[in-house]
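Here are my notes on the model, as numbered points. Have the structure open while you read.

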Amino acid sequence: EQDRLVCVVTANDLSGMKLLGGSKDFRKALGLASKQANDLYPTVSGPTLLLNLPKLLSGIVKLFTPLFSKEVRERLKFERGPLSDVSDLQQLLPSGNPSASKKFLAQLDDLIYK
């Protein structure tokens, strides 16, 4: 609303990711993308969202999240749901499917600020 960048949020949809036997390049790219965002926008970097983790990993994360420092919990957010029913990201554009776009933005808003 003010024509300025306030916060950069990195969202990674992990739907279909394999815990074992998957591509190491994909996991490496996730880490590099997060680091690059922090390097490019150090003063406005917001949380990294890891969406739709595999069920086993999601369960492990829920067990260990209370052990993470407050700073880590604020920087990393884990959630199942957002993007899980989206097959084409163009659906999320206001010109594509306004209701899907609105739903997705509401889900992200809830995740970032909860």
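1. I'll start with the lining of the largest pocket, which divides into six nonpolar, two polar and six charged residues. (Ala, Val, Leu, Ile, Met, Phe, Trp, Tyr, Cys and Pro count as nonpolar, Asp, Glu, Lys and Arg as charged, and the others, Gly among them, as polar.) That lining comes to 14 residues, and Thr 65, Lys 77, Phe 78, Glu 79 and Lys 114 lie nearest the centre of the pocket. Helix H2 (55-64) and strand S3 (76-79) are the elements that give two or more residues to this lining. S3 gives the most, with four residues.

2. Before going further, a word on what we're looking at. This is a predicted model, where local features need pLDDT of at least 70 and side-chain atom pairs count only at pLDDT 80 or more, while totals for chains, interfaces and linings use all residues. Residues are numbered from 1 along each chain as its sequence is written, and side-chain values use heavy atoms, with hydrogens and water left out.

3. Now the overall layout. The protein has four helices and three strands, in the order β-α-β-α-α-β-α from the N terminus on. (Helices, H or I with at least four residues, and strands, E with at least two, are DSSP runs numbered from the N terminus.) Taken along the principal axes, the C-alpha atoms fill a box of roughly 40 × 35 × 30 Å.

4. Of the 114 residues, 26% are buried. (Buried means under 20% relative accessible area, exposed over 50%, and partly exposed in between, with a 1.4 Å probe and protein chains only.) Among contacts with a separation of 6 or more, 71% come from residues 24 or more positions apart; contact here means heavy atoms within 4.5 Å. The accessible surface is about 8,400 Å², and carbon and sulfur atoms account for 57% of it. (Areas come from the Shrake-Rupley method with a 1.4 Å probe; for residues, only the protein chains shown count as cover.)

5. Back to the open spaces. (On a 1 Å grid over the protein atoms alone, a pocket is an open set of points with protein on both sides within 12 Å along at least five of seven lines, whereas a cavity is a set of points where a 1.4 Å probe fits but cannot get out; lining residues have an atom within 4 Å of a point. Grid points are joined across faces, edges and corners, and a volume is the space filled by probe spheres set on the points.)

6. What lines the second largest pocket? The residues are Cys 7, Val 9, Phe 104, Leu 105, Leu 108, Asp 109, Ile 112 and Tyr 113. Helix H4 (residues 98-113) gives the most to this lining, with six residues. By class, the lining has seven nonpolar residues, no polar ones and one charged.

7. There is one cavity of 30 Å³ or more, and about 40 Å³ of space lies in the largest cavity. Val 8, Thr 10, Ser 34, Ala 37, Asn 38, Ser 45, Gly 46, Pro 47 and Thr 48 line it. Strand S1 (8-13), H1 and S2 each supply at least two of the lining residues, and S2 gives the most, with four.

8. Thr 48 is found in strand S2 (residues 45-51) and is buried, with a relative accessible area of 8%. Leaving out residues up to four places away in sequence, Thr 48 touches Thr 10, Asn 12, Ser 34, Arg 75, Leu 76 and Lys 77.

9. How many salt bridges does the structure hold? Two, a salt bridge being a side-chain nitrogen of Lys or Arg within 4 Å of a carboxyl oxygen of Asp or Glu. Asp 39 pairs with Lys 35, with the closest N and O atoms 2.8 Å apart. Both lie in helix H1 (residues 24-40), four residues apart, about one turn of the helix. Asp 39 counts as exposed, at 51% relative accessibility.

10. The other salt bridge joins the side chains of Lys 70 and Glu 74, at 3.9 Å from N to O. Lys 70 and Glu 74 both lie in helix H3 (residues 70-75), four residues apart, about one turn of the helix. Lys 70 is exposed, with a relative accessible area of 57%, whereas Glu 74 is partly exposed, at 46%.
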